[in-house]
Amino acid sequence: MADVTSTWTEPSNTATALLLLGRGSDPASERGVDCPGELPAPSDPNLVARATAAKAALGDRVFVLGHHYQRDEVIQFADVTGDSFKLAQQAAARPDAEFIVFCGVHFMAESADILTTPAQQVILPDLAAGCSMADMAVLGQVQTAWEHFEDLGIAGETVPVTYMNSSADIKGFVGRNEGVVCTSSNAKRALDWSFEQGSKVFFLPDQHLGRNTAVLEMGFDLDDCVLYDPHKPQGGLTDEQLRNARMILWRGHCSVHGRFTLDSVNDVRERVPGVNVLVHPECRHDVVQAADYVGSTEYIIKALDAAPAGSAWAVGTELNLVRRMALAHPDKQIMFLDKTVCYCSTMNRIDLPHLVWTLEELVAGRVPNVITVDEETAKHARVALDQMLALP
């Protein structure tokens with residue numbers, strides 16, 4: 001890939017944007033755990049050969065999943081690449097694979113554990129690979145909010161909807177309360193179904209996906225949406241605001257997509273005449289409004305694949321994916337929407353040394369970093385996931 005001629009220009013490094021490829025730490029997202037074994041040195045020239053040999057030794061016993069935001073050094077060993085739900089489905093479709101090595105983040109591995117068989121073990125190569133968005137919705141806080149809705153008499157007309165990017169605990173809460181999980185691809189379908197069941201939606205944990213879907217795809221007004229802040233008494237909202245709201249949005253966001261600003265869009269339009277601005281719906285509402293195209297990670301990939309040669313694209317999503325697409329399409333001008341580096345720092349915790357360590361541990365008969373969702377939570381989370389799969 002490095003030999004491909006491309007128009008790609010690497011964004012500049014900044015102190016706030018970096019935590020580059022696992023350098024440094026992100027206390028808001030990482031789970032503060034150390035690797036229980038001794039990692040190979042990143043400078044080891046034999047890492048690729050070691051990963052290749054270990055994976056070959058395991059054969060069909062192991063199935064490696066690689067999220068689109070992973071770095072290329074890891075993606076090269078993935079049996080399947082995709083977004084979080086596609087990967088969980090792929091894991092479920094391989095019941096004969098004894099080990100599912102999920103190169104992603106914690107909530108993704110949880111979803112895979114929920115959907116796979118009890119005989120399979122889901123492994124996360126680095127337990128510190130969390131997700132700041134998922135961690136913004138804590139079960140106790142969500143239950144407190146729901147109890148407040150019950151006291152107001154609105155819980156019965158409110159349908160909880162959680163984005164796939166949420167913990168198993170939150171998916172379980174949604175399943176227990178007859179709600180549904182959604183992805184960025186089917187959020188509108190999930191909301192359409194939810195408003196057939198009730199008059200309000202409680203949307204977790206990404207405020208931007210909920211607001212953008214309701215306003216830009218369903219014709220809601222911004223005034224139909226209120227923002228529930230779990231760190232303020234009663235969410236920082238009056239009883240009247242909650243009673244009048246159609247969309248009660250949890251105060252959560254993606255730390256990567258939330259970095260893109262309207263200034264980023266205006267700046268790239270000034271620098272690159274005729275540029276197409278393509279962003280993920282986790283971006284802020286004003287950014288999404290100003291973009292030419294909006295869609296999920298899979299949508300972004302398909303749009304860039306289908307774009308005509310010579311076209312220019314500024315893409316607002318995680319940098320590993322944007323770089324990979326730019327190098328795959330040297331006949332197109334594909335650039336990062338922001339001028340500075342913006343990796344998903346916790347996704348990048350999964351690096352080649354962690355993958356090598358994981359695979360070699362499995363070869364040695366030791367199973368590290370198993371992700372297990374308790375049976376009761378998994379049962380209710382599966383209800384919400386199955387409801388999503390049943391959407392028309």
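1. Arg 246 lies over the face of Phe 195, 5.6 Å from the ring centre. Arg 246 also lies over the face of Phe 220, at 3.9 Å from the ring centre. A charge counts as sitting over a ring if NZ of Lys or CZ of Arg is within 6 Å of the ring centre and within 35 degrees of the ring normal.

2. The model is predicted: local features need pLDDT of at least 70 and side-chain atom pairs count only at pLDDT 80 or more, while totals for chains, interfaces and linings use all residues. Residues are numbered from 1 along each chain as its sequence is written, and side-chain values use heavy atoms, with hydrogens and water left out.

3. Rings of Phe, Tyr and Trp (its six-membered ring) pair if their centres lie within 6.5 Å; planes under 30 degrees apart count as stacked, over 60 as edge-to-face and the rest as tilted. By this rule there are 11 aromatic pairs. In one of them, the ring centres of Phe 149 and Phe 202 are 4.9 Å apart and the planes stand at 80°, so the pair is edge-to-face. Because Phe 149 lies in helix H6 (residues 139-152) and Phe 202 in strand S7 (residues 200-204), this pair ties together parts that are 53 residues apart in sequence. Helices (H or I, at least four residues) and strands (E, at least two) are DSSP runs, numbered from the N terminus.

4. Phe 202 also forms an edge-to-face pair with Tyr 228, at 6.5 Å centre to centre and 70° between the planes. Both Phe 202 and Tyr 228 are buried, where buried means under 20% relative accessible area, exposed over 50% and partly exposed in between (1.4 Å probe, protein chains only). Phe 202 and Tyr 228 belong to one aromatic cluster that includes Trp 146 and Trp 250.

5. The structure holds 0 disulfides, a disulfide being a pair of cysteine sulfur atoms within 2.5 Å. The sulfur of Cys 283 is 8.1 Å from the closest cysteine sulfur, in Cys 254, and this is too far for a bond. Cys 283 is buried, with a relative accessible area of 0%.

6. Glu 282 is found in the loop between strand S10 (276-279) and helix H12 (285-290). At 3% relative accessibility, Glu 282 is buried. Leaving aside neighbours within four places in sequence, the contacts of Glu 282 (heavy atoms within 4.5 Å) include Asn 165, Cys 254 and His 257. Asn 165 is buried as well, at 12% relative accessibility.
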